[in-house]
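Dear colleague,

I am passing on the structure below, followed by some notes on what turned up in it. Please read the notes with the sequence and the coordinates open beside them.

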Amino acid sequence: HLVKVINAPVSSNCDLVDLYSSVHDVGMIQFLVNAWSKWEAMGPDWDSDCCQPGWKGNGPPPLVPCHAAFRRDGIERVSSNVMGAFGYYCTDSLTPIVESLVTELQEDASIICEAVNLALLRNSVVYAATTHPGHHSNFDNFGGYCYLNNAALCARLMQKRLDDAAGNRRVAIIDIDYHCGNGTASIFYRVPDVFFTSIHCDPEIEYPFNAGYEDQIGEGAGKGSTLHIPLAPGATWEDYKPALEKAMNAIMEFDVGGLVVSMGLDTYEGDSVSVRKGGFKLRGNDYVELGKTMGSYMKDNFIPTVFVQEGGYKMDVVGEAAADVLGGFSEGTMKG
């Protein structure tokens, strides 16, 4: 099965509101589209509390939140002031608004659209190498370096294409990032036809802390369609493989027509973001074996698959690790 890498946009003119409204609040998307121009218009005397600390560049400084709203308090609503709206939608101070953001998000959306088209048209494996991760963005919040949820969009676009072809519209998402894909889990938590599973560090120890527990299995019509598999810090491939097999068995039982892999590579030993609280200890050939294990479940019934890039910050090895997962996956699908 063809492994196609999509790392350059077909177009950067995607309508973000039209595309992402199936998985995100329209108000949040519009905020992301318009935030920079509103921030720029406030200059040159920008509020220093909302300026990225240490900014030395020319022009407006990147915008960061200077407060957080009581999101569970019904008395609060979105401010028309860009600084207020940022605090309403964003969950941290690590995910700034920068001048190039909208173009980058449009390019990422184009990459996702093309990846889905190729995967389903050619019954193949496609790697969507987006600029930004997305799995920490839920319906109406973003953070954790994530703005719009590319894996969630990928699943919804797959479902639309499968509907058009009168195929099986059930889709699964497996998140193999070191951090729980809490945004993706939230978006599909009450949805019966998208199965979500995440293998990640114990949320009692690691970001995002408040989601990713084993007893969080979905609600309402989506009860049973979420599977969280938290692991202890220091997990090796010997610890990780049984968790991966558990997740893949659950996906096969769900009987899906499409698969999305949120491919975070911050599971690598020594990753700078993960190691602060312990990290995992996958390395080298472990990523070949990871891909082969996943692919082996498709020897007799291949499922069109899109790998979507999430985290991974050990830049001297992340490219090789990505290639190893994809190559291993393709090898694992081969019969014999």
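A residue is called buried when its relative accessible area is under 20%, exposed when it is over 50% and partly exposed in between, with a 1.4 Å probe and protein chains only. The model is a predicted one, so local features need pLDDT of at least 70 and side-chain atom pairs count only at pLDDT 80 or more, while totals for chains, interfaces and linings use all residues. Residues are numbered from 1 along each chain as its sequence is written, and side-chain values use heavy atoms, with hydrogens and water left out.

Aromatic pairs

Rings of Phe, Tyr and Trp (its six-membered ring) are paired if their centres lie within 6.5 Å, and planes under 30 degrees apart count as stacked, over 60 as edge-to-face and the rest as tilted. By this rule there are 14 aromatic pairs. In one of them, Phe31 and Tyr89, the ring centres are 5.6 Å apart and the planes stand at 35 degrees, so the pair is tilted. Phe31 belongs to helix α2 (residues 26-41) and Tyr89 to helix α3 (residues 82-89), so that distant parts of the chain, 58 residues apart, are linked; helices (H or I, at least four residues) and strands (E, at least two) are DSSP runs numbered from the N terminus. Both Phe31 and Tyr89 are buried.

For Tyr178 and Phe280 the centres are 4.8 Å apart and the planes at 80 degrees, which makes the pair edge-to-face. Tyr178 is buried, with a relative accessible area of 0%, and Phe280 is buried as well, at 1%.

Ring pairs also join Phe31, Phe86, Tyr88, Tyr89, Phe142 and Tyr147 into a cluster.

Helices α7 and α8

Helix α7 (residues 237-254) packs with α8 at an angle of about 20 degrees, their axes being 10 Å apart; axes are lines fitted to C-alpha atoms, for helices over the stretch in contact, and angles run from 0 to 180 degrees between N-to-C directions. The two helices, α7 and α8, are therefore roughly parallel, a term for angles under 35 degrees, as against roughly antiparallel over 145, roughly perpendicular from 65 to 115 and oblique for the rest. Residues in the contact (heavy atoms within 4.5 Å) include Trp237 and Leu244 of α7 and Leu290 and Met294 of α8.

Of the 11 residues of α8, eight are buried, and these buried residues pack against β3, α7, β6 and α9 (318-333).

Best regards
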